[in-house]
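Me: I'm new to reading protein models, so could we go through this one together, a piece at a time?
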Amino acid sequence: MTRAPQNLLDARRMLIDHLGPKAQRPGVTILDPLGDPAWEVGIVGSDAHKRTGTSYHLGSSDLIMSKQPYSVAESPRDRAGLTDDAAALDVGMFKVRTPKGTFDLRHYSRWMVAQCEAGTADTQHIREVIYSPDGQTVRRWDRLGRRSSGDNSHLTHTHESYFRDAIKAGANVSAVKRRYLTTIGLIQAPTGMEDDVSAKEVWAYDPNNPKDPAAIVNPPWRHDAKTNPTVKPAYALRDIWDRVHGLQEGQAAARLRDEAILRAVTGATGEQLLTEIRAVGARLDDLTELLRRVESGELTAEQVLARLRDLLPGGASQS
């Protein structure tokens, strides 16, 4: 049976805590709260998902492998990370007014896709986003460039798929959502890193203009301090931390993926393969030394052949 992994549960809880009916606070009005039923911020697939048998909302026991499900077959990251955990999150309708403006699911979706297109560190584990930018059309952003459409159910919710190796590794998938909530003025940035510019100046679109183009405004802390003397050190540090954290998670995921591939191909772990590589390197060093001694006249051909039988796996050829 498909499970809801903890990292997706954490992301779900963050959205409900800050956009749900209990999230009232001074200066903020939740016009259309994101409720707490599972379908409003869903992780584990429904019976309809199970009948189709291909979705990221399903774990290994509910996928129909004979269909070569795209949520496994199209990426080595998904094949390496396949478990009984779901690897998707559906976000339902909401609308909130903060001192920075009025924001809703359409804005959230456009903002999220812009972050994915910009390649920010906290979106590297997102495989796809299926969404409606305007409530009338459905679009799909796919990191792999394999798919571009979605059904009309996505007019009322936004679907996010995550690479399965990241879910398996317990990677943080909440960071980009916290950044969104900070950007729209719903929560505060960490102490010393307060955001004193508007959402439009930092990352987002004009929430009151649905025709605003899908373009991301470069944050001021991404500029070099030499060319932009107004850049704040705290902003620069936050950006550096985000990048380093993203790289660390990416390296961990890549290591899991590579070791899974090695086990599938050779039956060996990464450490076992490294031991073999070191042994081969040592033999190459010995061969290099043999060549040097032949050239200097220290060894005869017969002596070299005798040494080769010891150095090469299976001994030297007798032909």
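Me: Which residue stands opposite G42 in β3?
Reply: In this predicted model, G42 stands opposite D90 in β3. The strands β2 and β3, the latter made up of residues 88-91, are joined by 2 bridges and run antiparallel.

Me: What packs on the sheet there?
Reply: Helix α1, residues 6-19, packs on the sheet and touches β2, β3 and β8, and the direction of the helix makes about 15° with that of β3.

Me: And what is the order of the strands in the sheet?
Reply: The sheet is open and has 5 strands, in the order β2-β3-β8-β6-β7, with antiparallel pairing. Because β2 (41-42) and β7 stand at the edges with a single partner strand each, one side of each is left without a neighbour in the sheet.

Me: What do strands of a sheet pair through?
Reply: As a general point, strands pair through backbone hydrogen bonds, and they can do this in a parallel or an antiparallel way.

Me: Changing topic, where is H154 found?
Reply: H154 is found in the loop that runs between β7 (139-142) and β8 (158-162).

Me: Is H154 buried or exposed?
Reply: H154 counts as buried, because its relative accessibility is 8%, and the cut-off for buried is under 20%.

Me: What is H154 in contact with, then?
Reply: Leaving aside its neighbours within four places in sequence, H154 is in contact with I130, Y131, S132, V138 and H159.

Me: Which residues does S174 touch?
Reply: Not counting residues up to four places away in sequence, S174 touches N7, D10, A11 and M14. S174 and N7 are 167 residues apart along the chain, yet their C-alpha atoms are separated by 7.5 Å. For A11, the backbone nitrogen lies 3.3 Å from a polar atom of the S174 side chain.

Technical notes: Residues numbered from 1 in each chain as written. Predicted model: local features only at pLDDT ≥ 70, side-chain atom pairs only at ≥ 80, totals over all residues. Heavy atoms only, no water. Helix = DSSP H or I, 4+ residues; strand = E, 2+ residues; numbered from the N terminus. Buried < 20%, exposed > 50% of the residue type's maximum accessible area, 1.4 Å probe, protein only. Contact = heavy atoms within 4.5 Å. Polar contact = N/O pair within 3.5 Å; in protein donor to acceptor, adjacent residues only side chain to side chain. Pairing = 2+ DSSP bridges. Axes fitted to C-alpha atoms, helices over the stretch in contact; angles between N-to-C directions.
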